[in-house]
Structure formats: structure tokens, C-alpha cells
Amino acid sequence: MTSQPDRPTLPPSRDMRWPRSLEWLPVPEDFRGGLQAAVDTPDPSGRYEKLAALAGSRLGYLQWLQLERALAAGPVADHPGFMPLRLAILSASTADHLAPAIRVAGLRHRCLIGTHVGGYGQYRQEVLDPASSLHRFAPQAVLFSLTAREILARTALSASAAEVDASVAATIEELRKLWRKVREDFGAMVIQQTFLNVAEPLFGGFERSVPGAPLEVVSLLNERLAEAAAAEGVSLLDLARAADRDGLERWFDISKWLQAKIEVALQAAPAYGELVARILGAQRGLSRKCLVLDLDNTLWGGVIGDDGMDGIVLGEGSALGEAHLMLQRYARQLGERGVILAVCSKNDSATAEAVFREHPEMLLKRGDIAAFVANWDDKAVNLKRIATQLNIGLDSLVFVDDNPTERAWIRHALPMVAVPELPTDPAQYVRCLALAGYFEAVAFTADDRQRGEQYAANASREASLQSSESLDDFLRGLAMSTEFGPVQSVDLARVTQLINKTNQFNPTTRRRSADEVAAFIASDRSIALQFRLVDRFGDNGLVSVVLLRPEAPGSDVFDIDTWVMSCRVFGRQLELEAMNAAVHAARALGARVLQADYIPTPKNSVVSQLYATLGFTQAAETAQIVGATRWTLQLEDFRDLDTHILRGALSHDRS
Amino acid sequence: MTEAEILGAFTRILRDLLGDQSIVLTMDTRREEVPNWDSFGYVTFIVAVEIELGVNFGIAEVESFANVGAIVRRTEALLPPS
């Protein structure tokens with residue numbers, strides 16, 4: 001209770017009515033001042049940057065409402081550095097509070113989200129009626145936010161297991177039809193919310209033996225929903241699980257349901273928006289890629305330089321030592337998931353590395369760390385080094401450090417780096433990092449599983465390059481071969497993931513949904529090629545995708561709609577082999593000319609002259625986007641480009 | 001918190017909520033008299049008061065408040081004596 005009503009109150013962390021899910025964000029220094037400064041900024045891009053910075057801080061309920069109003073006041077337009085997106089929210093309960101929450105969270109994830117909230121309980125009509133406001137809105141993503149009340153109303157307590165199964169199956173079948181319709185009509189990504197299980201137990205411990213008990217019906221419904229969503233490539237907004245972790249009463253407020261048919265509690269809206277924005281961001285390739293860890297008092301207790309190998313606290317036998325070990329274990333698991341691990345520490349490099357090699361309790365090994373930077377330089381400088389070394393953007397980094405001064409400095413110096421506000425208790429480190437959801441995924445591919453090894457192999461290649469006399473020797477010494485072939489439906493998840501997360505070698509930065517890529521596969525007039533690259537250090541996995549189609553039906557001018565290549569294989573001549581393959585495929589379909597655009601972004605300057613080096617000529621006619629250039633290649637003049645890469649057909653059993 | 005302090009806090013909350021710094025609440029103000037304060041805004045206001053001041057209203061109370069003064073008086077009764 002405050003006696004100064006003007007001071008913004010923050011939700012106390014023990015307040016049972018507030019979801020814990022925004023705890024990793026730092027408290028803003030001066031919210032009102034910051035908001036006023038944003039509103040007073042005439043240039044829209046500058047205003048969005050300031051609002052995005054505020055959205056990255058931990059706001060009270062009224063604060064985020066004000067932030068949302070400032071955001072809504074601006075014109076909805078494209079701004080560099082922000083991904084525009086139209087999201088429709090189709091709900092069976094009151095959802096007016098969810099749209100603002102999603103917009104604010106979107107800003108935090110650098111998406112400018114335009115929202116459409118369907119009529120209360122009108123989701124079927126909205127989808128099925130071609131004249132509905134949903135159809136006029138033409139969403140790029142559709143979120144189904146439903147309640148389990150309908151199915152509970154038609155499932156008797158005395159229903160047999162088979163009857164409950166049938167009832168659940170019918171609900172799922174109807175949802176599947178709606179999902180498919182949304183995809184067919186809009187090509188939109190579908191997000192389905194799991195059902196909040198708000199029923200109270202009737203039997204207690206015996207509950208699970210009664211298939212028709214409401215709690216059991218909704219459990220089964222969520223299970224089947226997850227299976228159907230996985231089969232259909234629908235993303236799950238797992239509210240049921242969030243409520244399991246946080247406590248149902250933090251997400252569902254029975255009074256507000258009774259008063260206004262609000263299923264997701266008003267005070268849970270900011271956390272809800274965050275969960276939605278994460279999924280949208282992940283689908284657009286905006287999830288973080290690399291976890292950068294401090295060492296002293298983060299990966300172990302104590303300071304290695306002062307306390308020495310015997311003095312630091314780590315491992316079994318000490319509660320504190322086990323807490324630090326938990327963070328190591330979680331980091332290693334993230335590594336297994338495809339997150340790149342790095343170290344950034346103020347330490348003597350040899351002293352720090354020795355812990356990884358010699359301390360018996362260390363779970364993380366030196367080989368798990370793709371970039372290891374320990375010195376006495378400014379950490380902002382070191383984070384830039386890490387990003388350069390790994391060839392990823394600073395906005396792909398998450399920096400975990402126990403020291404509040406270092407955290408504040410990095411937030412100030414490198415605002416694009418994510419810096420979770422670690423709690424003071426090391427036992428809570430993992431929970432904080434997990435809550436922050438920086439590494440939200442929409443798939444788990446074979447390449448994810450191998451990424452750690454691939455980055456380690458890259459370090460070996462670097463060493464090999466340094467010992468080679470010339471680049472030519474180096475490339476020949478790598479003994480590279482590429483396997484390539486048409487994209488098949490089994491590859492859709494990996495191919496779509498690569499397209500959507502690649503920012504550097506991506507001349508157009510067009511994002512493509514799995515359905516859009518599927519359309520390239522389905523037509524015999526378009527081409528979708530994928531490339532793997534193997535060398536003597538290992539298999540780099542799927543590293544490049546090219547999508548081609550005629551610029552108009554029947555035309556012999558083919559557009560390079562999309563071409564992406566992983567930064568792991570830059571400078572290895574794969575782009576030359578990919579062009580050879582693309583030309584062959586296009587010729588086979590009767591193409592005479594290849595046409596390509598380069599659309600500049602802050603990240604893709606590496607390919608600004610790509611088409612010139614491949615023998616294209618810059619067209620007099622430019623693309624319709626400012627700064628973009630258009631390039632053409634006459635196929636009859638094209639001769640295969642020479643490389644050090646052997647060609648092979650793709651065998652499909654290996655993925 | 002005195003009645004006047006609670007009324008002041010309510011005014012600040014509703015101004016922030018509706019984005020209208022010209023709002024002035026009195027004990028006699030009724031929801032219908034404040035521009036743009038609709039029924040959903042009323043529920044939002046109640047939640048904001050509950051969060052900001054750390055009180056919890058019963059379901060019957062929320063339906064029965066006749067004017068701002070009634071909410072102020074109920075809040076005062078729910079708050080621990082200062």
C-alpha cells in the first residue's frame with residue numbers, strides 16, 4: 001500500500017493475481033518521462049523505437065494501457081526494423097483486452113501488429129462467411145481463443161470413455177476444418193489456444209477414473225488438440241500449461257467471467273500478449289539464436305581469479321553449487337535444441353578456459369561453447385566480437401549476467417541484445433531464463449539437433465583456413481560436395497524455418513509460410529530447390545533454398561522469388577553451385593531469362609552485389625521498392641560456374 | 001488512506017485508463033456521465049483499482065455501486081486502517 005498515489009505501483013511478486021510471466025523484464029527508470037518523450041518524437045520510426053524500448057520493461061497494468069494508447073495513436077505503416085503483421089483474434093469470450101496486449105508485446109518482439117477482433121462468439125461465421133469482416137481484414141495470422149464450455153455442455157458426467165472420445169473428436173474435427181479454411185482462404189498462419197481447464201474437481205482423487213468428469217474431458221481435449229495441431233502444422237498457444245505453471249487463478253478470474261465473460265483475466269493480458277507475440281516472432285524468424293553466459297557467480301559461485309579452482313562453488317554437495325549446475329544443465333539442453341552457446345567474461349582467458357577443461361563438476365565443456373571470449377575489455381565490445389565470430393546479428397543474442405551494472409550497461413550500449421533481469425538468488429536463474437521465452441520455436445529439426453557440432457566444426461574450418469596458403473587451397477582441401485534436389489513435403493518444416501530465419505544471405509527477405517512453400521512444390525511450373533553441403537569436417541545440413549516461378553503464367557521469364565543461404569557456409573562457393581542448379585532447373589521448364597531483385601535491409605548487404613558476381617546485368621527497369629535493384633540473366637549466355645564442390649543428388653532417407 | 005486520497009487515486013487511474021487528463025471525479029459521479037466510460041471500461045477500472053490499491057471487491061458489490069462515492073467508501077472499508 002503506497003501513501004503516494006502518483007508513484008506508479010508495480011505488481012508485488014507475491015500478488016497471486018498477477019502472472020509471474022513478465023518477471024525477467026527490468027523495471028523502467030522513468031515511465032512517464034519515457035512515454036512523453038516517445039509521444040513528442042515527430043519521426044514515426046524514432047517514436048516506435050522509443051515505444052519498443054518501453055515495451056521491453058516491466059510495466060504495471062495502467063502503464064501498459066498507456067503505452068498501448070500511445071502506440072495506437074500512431075499511423076499503422078511500415079517502419080524499418082519492425083515486421084508488419086495482420087493478426088485476427090477469433091474468440092468465444094470477451095477479447096477486447098487481448099488485442100492491445102498483443103500489440104504491446106509485438107513491439108517488444110519488433111513486430112507492428114495490426115489486429116482484428118472477431119465478434120464475441122462469432123468465430124465460425126467469421127471464418128465461413130466470405131462477406132465477413134474477417135475476410136475484408138485478410139489476416140496473415142489467425143488466433144483461435146476458445147473456451148471448453150461448449151463441449152462440457154454437451155458431455156454428460158455419466159458418459160463412457162468412448163462417448164467422451166467421440167465428443168472430443170467432433171470438436172477437434174470442427175477445429176481442423178476451420179484451420180484449413182483459414183489457410184485456404186488467407187494463406188494465414190494458424191495459432192490455436194489450448195483450453196483453460198477451469199472446472200472444479202467433483203470426485204477428488206478418483207477424478208481421473210471418470211472419463212466424463214469435466215476436468216478429464218478438458219484434459220483429453222487438450223491432448224487431442226496438441227496432436228491435431230502438430231499434424232496440421234498449427235502453432236499452439238499453450239495457455240493451459242502456463243496456467244499449470246503459474247496457478248490457474250493468475251490466468252482466470254471467476255468474478256470477471258461472471259461480470260463480463262472474460263476468460264483470460266484482464267491482469268493476465270500482458271503475459272498473454274507476450275506468449276502470442278513470441279509465436280508470431282518465432283514464425284517470422286525473430287527468435288533469439290545464441291545464449292551468451294557470464295562465468296563468475298553465473299555459471300559457478302565465486303570468482304575464479306580470486307577463489308581459484310578449489311574455491312569456486314559448483315556441483316553436488318552444496319545447494320548453491322547445484323543451483324549453478326542447474327543453469328549449466330539448462331544451457332546444455334538449449335544447446336542440444338540448437339541454441340548456440342557463447343561465453344563473455346571479465347577474466348584471464350587461460351584461467352577461465354582451465355575451469356572448463358579441469359574442474360570435475362563442470363557440466364558444460366569447452367567444446368559446447370562456440371565462441372569463448374574472456375578478457376578485460378568492455379562487455380559491449382566483446383558481445384560484438386561474439387556476434388561477428390558467429391556471423392549472427394546482435395539481435396540474436398541473449399546475455400545472462402548476475403551483475404546488475406553489466407546488465408544495465410549492455411541494455412544501454414546494445415539495446416538489441418536481450419538481457420534478462422536475473423533474480424539475486426541463483427536458484428531462480430533457470431526459471432527466469434525459461435520464463436523469458438527468448439528461444440521460442442515453431443519446429444525442432446534435424447539441423448537444430450546438429451547445430452552445436454556444426455559450429456564447432458566451423459571453428460576447425462577457421463583454423464584450417466589460417467593454415468592454408470591460399471583461399472583456393474583451402475576450398476580444395478575442404479573436399480566439399482553438395483547434395484541438392486527438389487523440396488518435398490517432408491522437408492517443409494526445415495525449409496520454411498531456414499527461409500524465415502535467414503536475414504543476411506537473403507536478397508528479398510520475403511518470409512514464406514509452409515503453405516506458400518507447399519504451393520511452389522505443388523505446381524509443375526515452379527521450382528523449389530534445397531541444398532546440403534558436406535565437407536571433411538562434417539555435414540552442414542540443409543543450408544540453402546531457392547524458389548523460382550514464372551513472373552506471369554506462361555512467361556519464359558522466371559523470377560527468383562526467394563533465395564536464402566545459411567551464414568554457416570558463406571564464402572564456400574555454394575552460391576555458385578546453387579545458381580548452376582537453378583539455371584538447369586529453369587531451362588528444363590523452358591525459361592529463357594532469370595530475373596531477381598535485391599531489396600536492401602539493415603542485414604543483407606552481403607548480397608548487394610550477389611547477382612553482379614553471378615553474371616546478371618542490372619536492369620534499366622528497377623523494382624518498385626526504394627533502393628531495390630533488379631537483375632536479369634539471359635540463360636542462353638550462361639555457362640556453368642566453376643567451383644570446388646562436387647555435385648550429388650539428394651537422398652531423402654538422411655533427413 | 002482518506003476518502004479524498006482514494007478519490008484522487010481513482011481519478012488518476014481513470015485518467016490513465018481512458019487517456020483523458022481532463023476527467024474530474026467527485027463522490028457523486030456516475031459512470032454514464034464520464035465520456036467513453038463504457039461497461040467494459042468499468043470492469044477494467046475495477047480491476048485496475050484492485051491491482052493498484054490491493055483490494056478485492058465481491059461480485060455483488062461490483063454490480064451494486066451506484067456512483068464513484070460508493071466505490072470510494074467500500075475501498076476505504078477494505079483498506080487496513082492507516
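Is Trp300(A) buried or exposed, and at what relative accessibility? Buried, at 0% relative accessibility. Keep that residue in mind; I'll come back to its partner.

One caution first. This is a predicted model. Everything I quote is computed from it.

Let's start with the interface. Chain B and chain A bury about 2200 Å² between them. Of that, 65% is on carbon and sulfur atoms.

Now the head count. Chain B puts 24 residues into the contact, and chain A puts in 23.

The rule finds 2 salt bridges across it. One of them joins Glu50(B) to Lys256(A), with the closest N and O atoms 3.5 Å apart.

Where on chain B does the contact surface come from? Helix 2 of chain B gives the most, with 10 residues. By class, this side of chain B has 16 nonpolar, 4 polar and 4 charged residues.

On to the rings. Over all chains, the count is 15 aromatic pairs. Here is the partner I promised: Trp300(A) pairs with Phe356(A). The geometry is edge-to-face, 6.3 Å centre to centre, with 70° between the planes. This pair links distant parts of the chain, 56 residues apart. Trp300(A) sits in the loop between strand 6 (290-293) and helix 14 (304-311) of chain A. Phe356(A) sits in helix 16 (residues 349-358) of chain A.

Why does Phe356(A) count as buried? Because its relative accessible area is 2%, and the cut-off for buried is under 20%. Trp300(A), at 0%, is buried too.

Chain B has an edge-to-face pair as well: Phe57(B) with Phe65(B). Those rings are 5.5 Å apart centre to centre, with 80° between the planes. Both residues are buried.

Last item, back in chain A. Which residues do ring pairs link into a cluster? Phe505(A), Trp563(A), Phe570(A), Tyr611(A) and Phe616(A).

To recap the interface: about 2200 Å² buried, 2 salt bridges, and helix 2 of chain B giving the most to its side. That's it from me.

How values were computed. Residues numbered from 1 in each chain as written. Chains lettered and ligands numbered in written order. Predicted model: local features only at pLDDT ≥ 70, side-chain atom pairs only at ≥ 80, totals over all residues. Heavy atoms only, no water. Contact = heavy atoms within 4.5 Å. Buried area = accessible area lost by both parts, 1.4 Å probe. Salt bridge = Lys/Arg side-chain N within 4 Å of Asp/Glu carboxyl O. Helix = DSSP H or I, 4+ residues; strand = E, 2+ residues; numbered from the N terminus. Nonpolar A, V, L, I, M, F, W, Y, C, P; charged D, E, K, R; others polar. Phe/Tyr/Trp six-rings, centres within 6.5 Å; stacked < 30°, edge-to-face > 60°. Buried < 20%, exposed > 50% of the residue type's maximum accessible area, 1.4 Å probe, protein only.
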